Amino acid sequence: MKKILLALAMFTAACFFAGCNEEQKSSAHPDKVTVMIYSEYIDPEMLTDFQMKTGYKLQLELYEAQEEMIGKLQASGTSQYDVIIASDVVIQQMIHLGLIQPIDTSKVPNRVNIADQFKNASYDPTNSYSIPYLWGTTGILYRDADVDPMKVSYSMLFDAKQTKGKFSLLEESRSMLSMALQAKGYDANSTDQKQINEAVEYILQAKKDPHFLGFDGSVGGKDKVLSKMDWAAIVFNGEAMAAIEEDSTLQFAIPTEGSFMWVDAMLLSSKAPNKEGAYAFMNYILDAKIGAQLAKFINYATPNKASLEVIDEEFKSNRVINPSKEEIDRMVFLKDPGDAARIFDEAWTIVKTR
Amino acid sequence: MQTEVFEGKLTTRARMRKFGVLLTGPGMLWLIVFLLLPTIFLMVLAFAQRGSYGSINWDFSFENLKRLVGFSSFGWSPDNLLILWRSLKIAVVTTVLCIAFGLPMAFWIANHGKSMRAFLFALIMVPSCTNLVIRTSAWMTLLGPDMFPADIARFFGIIGAGDSLYPGSFAVYIGMVSSMLPFAVLPLYTSVERLDWGIVEASRDLYAGPIRTFYHGILSQMMPGIIASVILTLVPSLGMYVISDLLGGGKYMLIGNLIQQQFGAAMDWPFGAMLGSVLIICSVVSLIIFQRVGGKNFV
């Protein structure tokens with residue numbers, strides 16, 4: 001028995017020291033930049049190009065879901081990554097959890113290229129933690145030539161008299177509730193209980209409509225509209241673009257009551273082993289030509305105003321990817337609700353139970 | 001020290017005990033590290049609170065329990081209990097359907113020759129080797145508006161033109177039963193194989209009708225198998241939510257969704273732990289009741 005315990009103890013110790021060694025190894029290679037990023041979210045050509053231009057080897061660590069990324073950072077520590085690419089809604093949370101640190105903006109000279117709408121935005125009011133990577137919008141994808149995308153209102157889905165076919169709502173608690181808040185004329189970031197309650201009632205009303213097919217993720221909603229199971233669904237513009245490329249009779253609209261936009265930003269890991277490399281990567285992405293190449297490859301909008309000047313006219317004039325000034329003006333960024341998170345969660349539970 | 005004979009060898013009680021500890025040690029260690037400790041952690045976490053940004057605050061209270069029974073920011077509403085009830089309903093219906101379909105299947109398989117039986121088993125088991133999400137997506141395609149099952153249903157006027165057979169509870173039960181059936185059939189089959197047909201013969205000799213023969217001669221012998229398959233289907237279907245999301249359109253939440261939401265989007269691990277603990281307790285209690293009521297003489 002004692003021998004087994006001893007063996008076990010030695011085994012654990014060995015694992016522990018092996019772990020230490022590995023960590024030492026990774027920090028002993030300052031010629032490498034490790035970027036934590038969604039899968040399929042960068043042009044593979046950039047890996048070699050980045051190494052040629054800066055001398056740093058680019059290593060990607062992929063993730064699929066926001067919670068998975070935060071869990072990984074909390075569990076395995078932030079010292080394994082230099083740059084983290086994450087959505088605007090989790091930035092405040094990551095700051096409070098100590099997962100990211102302020103960026104020395106003087107080391108990223110290309111940040112002058114960032115478009116104005118991403119400066120002093122609610123997710124990072126001081127511009128000190130984030131540098132935008134790509135951005136997008138959320139709206140309604142529908143199959144109806146008679147409806148002008150400039151005049152689409154939420155009542156198209158929420159008012160049973162106006163729904164002309166089956167529709168799906170978005171299976172994402174915060175996003176869907178925020179849209180219902182806007183449909184009711186309130187601020188998307190409202191944490192007022194009464195207003196949220198009204199939003200809940202509004203969604204429940206839509207749920208009673210016999211046309212209501214269910215809640216779906218952005219991809220699921222897109223698939224249902226494409227396969228004609230749905231007449232309309234709420235999707236992100238990336239999915240809308242993919243759907244319209246397959247079937248040009250589909251249309252995408254930012255509702256007149258407003259909607260929310262989202263941005264994926266580059267953040268500096270709080271224990272980044274290679275800070276200089278991280279800044280080099282951020283600066284590289286903010287380069288006019290690279291930003292244009294990235295946007296075209298992923299088919300998302302670029303937050304880089306210099307890139308817009310070098311990008312081709314066809315891409316630039318695509319209203320699904322690059323919304324007009326008016327459309328941008330009625331969209332907001334979602335803020336982390338902090339303690340109000342529980343209200344949103346309970347509201348969503350009600351939406352999904354009744 | 002008292003020497004005893006064990007398996008033809010002369011040994012002492014203390015030495016035997018030592019040997020026993022050595023044999024059960026690794027298994028016990030496994031249970032402690034991977035079952036007991038996490039469960040204790042989960043139950044302690046259930047009484048902690050969520051910090052403002054999804055961290056864990058270790059000040060203990062019954063807040064999560066109160067929230068579970070319905071005291072929310074919107075006043076009292078029984079939503080969580082409704083979710084539990086709905087999950088239980090789906091799990092029970094799935095289990096009953098699985099046993100109902102599984103029993104004839106088990107007899108049918110047992111009536112074949114040895115090689116044929118192996119082949120039939122493979123037919124049942126192979127689908128469960130594929131990923132659950134893929135299998136469910138296959139049902140989504142199959143129940144879609146352009147496929148033949150929808151055409152047949154349309155011919156009989158069950159659904160309207162252009163409609164599909166999902167999302168809906170019909171599709172959910174198809175998905176649930178098809179994924180749980182293998183687990184129900186296996187223990188049923190084992191007990192069919194072990195049936196003492198002499199009892200059936202005796203019951204016929206005593207002029208019992210087919211129903212009484214089935215009840216007294218077959219069902220009572222198969223009780224252990226039935227209880228095992230009920231446990232194997234009921235417990236996993238309680239926590240299942242992928243199928244109801246994909247085939248039910250995600251209109252309604254199940255307990256699995258609610259827990260997943262706490263560990264995911266809501267970042268409220270303590271409340272998720274409370275829900276998880278309650279689910280564990282519910283499963284264990286129902287198992288105990290089952291053993292007491294159904295299987296007094298069998299399990």
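Helices (H or I, at least four residues) and strands (E, at least two) are taken here as DSSP runs, numbered from the N terminus, and axes are lines fitted to C-alpha atoms, for helices over the stretch in contact, with angles running from 0 to 180 degrees between N-to-C directions. The structure is a predicted model, in which local features need pLDDT of at least 70 and side-chain atom pairs count only at pLDDT 80 or more, while totals for chains, interfaces and linings use all residues. Residues are numbered from 1 along each chain as its sequence is written, chains are lettered from A in the order in which they are written, and side-chain values use heavy atoms, with hydrogens and water left out.

In chain B, the axes of helix 3 (residues 79-110) and helix 4 (residues 114-125) come within 9 Å and cross at roughly 150°. Met105(B), Trp108(B), Ile109(B) and Ala110(B) of helix 3 meet Arg117(B), Leu120(B), Phe121(B) and Ile124(B) of helix 4.

Ser72(B), which lies in strand 5 (residues 71-72) of chain B, counts as buried (under 20% relative accessible area, exposed being over 50% and partly exposed in between, with a 1.4 Å probe and protein chains only) because its relative accessibility is 19%. Leaving aside neighbours within four places in sequence, Ser72(B) is in contact with Arg342(A), Glu346(A) and Ser77(B).

Key
Contact means heavy atoms within 4.5 Å.
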